[in-house]
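I open the notebook on a new structure today. My plan is to look up a few residues and write down what I find.

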Amino acid sequence: MLTDFILYLADSNLILSQRNAAWCGHGPVLEQDIAITNITLDVLGQARLFYQTAADRLNSQTGSSYSEDDLAYLRNEREFKNLLITELPRGDWGFTVLRQYLFSSYMKLVYEKLLQGSDEQLR
């Protein structure tokens, strides 16, 4: 189901943004601290976009009135569909940078495929 895939994208971005946010004010040097904070805000923005898209789809399919906040914060942990790598504890700075690189590389491929898809909103 496409809505489940959209939630997978949203959940992965949300969880990663929360893990990365743990570095805010704790980066090894100021420039890296600012960089991870900005990346975190971008990833959170992507999560919000996907949650709103999923909420719109669920509302049109079921006549419900879900909001992005309902989907992001009012589900239990077993209902999340995120990539497991995004859940891993913060670790050291090298681990965080590598995880972000792997996640971003993967998502670049996913976004390129979405551009070729038939769903206008996701394109």
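Where is the place of Asp11? I find Asp11 in helix H1, which covers residues 2-21. I note that this is a predicted model.

**Entry on Asp11.** Next I looked up its cover. Asp11 has a relative accessible area of 0%. Buried means under 20%, so I write Asp11 down as buried. Then I checked what Asp11 touches. I set aside residues up to four places away in sequence, and the list reads Tyr51, Arg75, Glu79, Phe80, Lys81 and Asn82.

**Entry on Leu44.** I moved on to helix H2, residues 30-62, where Leu44 has its place. Is Leu44 buried, partly exposed or exposed? Its relative accessibility is 31%, so Leu44 counts as partly exposed. I left aside neighbours within four places in sequence and found Leu44 in contact with Leu14 and Ser17. I also looked up a distance. The C-alpha atoms of Leu44 and Ala22 are separated by 13 Å, and these residues are 22 apart along the chain.

**Entry on Ile85.** Last, I turned to a loop. Ile85 lies in the loop between helix H3 (68-73) and helix H4 (93-115). I note Ile85 as partly exposed because its relative accessible area is 31%. Which residues form a nonpolar patch on the surface with Ile85? I list Leu88, Leu98, Tyr101 and Leu102. Together with Ile85, they have about 460 Å² of accessible area.

Conventions. Residues numbered from 1 in each chain as written. Predicted model: local features only at pLDDT ≥ 70, side-chain atom pairs only at ≥ 80, totals over all residues. Heavy atoms only, no water. Patch = residues over 30% accessible without salt bridge, like charges linked within 9 Å, V, L, I, M, F, W, Y side chains within 5 Å. Areas by Shrake-Rupley, 256 points an atom, 1.4 Å probe, with all protein chains shown as cover. Salt bridge = Lys/Arg side-chain N within 4 Å of Asp/Glu carboxyl O. Helix = DSSP H or I, 4+ residues; strand = E, 2+ residues; numbered from the N terminus. Buried < 20%, exposed > 50% of the residue type's maximum accessible area, 1.4 Å probe, protein only. Contact = heavy atoms within 4.5 Å.
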